[in-house]
Amino acid sequence: SEVYIISDGGENGLHETTKKLLENQNLRVASNTKGITYSQHLTQLARAKMVVLCYSNDNEHWLRVKGNDILKSKGISSARPLDRIVLVKTNEHLDTSDYEEIFTDIVTSTNQLTSILKHQS
């Protein structure tokens, strides 16, 4: 897949909105919501051109683990370099400051995500 969405499972529709938005840009999208194994998760990360992390609940542990997964996946032999690693936060007050160096872009709305996609193509 071109884009891999990692979602924290917040019930606010962020995952679905993001997925539709990416698919509307004719991108192939995979996500971690269908109960995939950890090794499948790392493989998806390694193959993706772009990772979008949907963060909607204040859960620093989850954010740290997923950030480490992104970094770890680059050690997989099939890994491609990531063009973009985007953090989509539903709330600008969610504290992500300890992890922001992992991401190329940090946005608080899917509109901002759209403009990143336009600049990428």
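Strands β1 (3-7) and β3 (50-55) and helix α3 (60-73) are among the elements that cover the buried residues of α2. The model is a predicted one.

**Helix α2**

Which residues of helix α2 are buried? In this helix, residues 38-47, they are H41, L42, L45 and A46. Seen down the axis of α2, these buried residues fall within an arc of 135 degrees, so they line one face of the helix. An α-helix has 3.6 residues a turn, so residues three or four places apart point the same way.

**Nonpolar cores**

Nonpolar side chains tend to be buried together in soluble globular proteins. Here the largest nonpolar core holds 19 residues. I6, L45, V51, L53, L63, I70 and F103 have the most contacts inside it. At least two residues of this core come from each of β1, α2, β3, α3 and β4 (84-89).

| Core | Number of residues | Residues include |
|---|---|---|
| Largest | 19 residues | I6, L45, V51 |

V51 gives a close-up. Leaving aside neighbours within four places in sequence, V51 is in contact with Y4, I6, L45, I70, L82, R84, I85 and V86.

**The loop at N26**

N26 sits in the loop between α1 (14-24) and β2 (29-31). Its phi is positive, at about 60 degrees, although N26 is not a glycine. Most residues other than glycine have a negative phi. Is N26 buried or exposed? N26 is exposed, with a relative accessible area of 70%.

Technical notes
Residues are numbered from 1 along each chain as its sequence is written. This is a predicted model: local features need pLDDT of at least 70, side-chain atom pairs count only at pLDDT 80 or more; totals for chains, interfaces and linings use all residues. Side-chain values use heavy atoms; hydrogens and water are left out. Helices (H or I, at least four residues) and strands (E, at least two) are DSSP runs, numbered from the N terminus. Buried means under 20% relative accessible area, exposed over 50%, partly exposed in between (1.4 Å probe, protein chains only). The arc is that of the directions from the helix axis to the C-beta atoms. Contact means heavy atoms within 4.5 Å. A nonpolar core is a set of buried Ala, Val, Leu, Ile, Met, Phe, Trp, Tyr and Cys residues joined through side-chain atoms within 4.5 Å.
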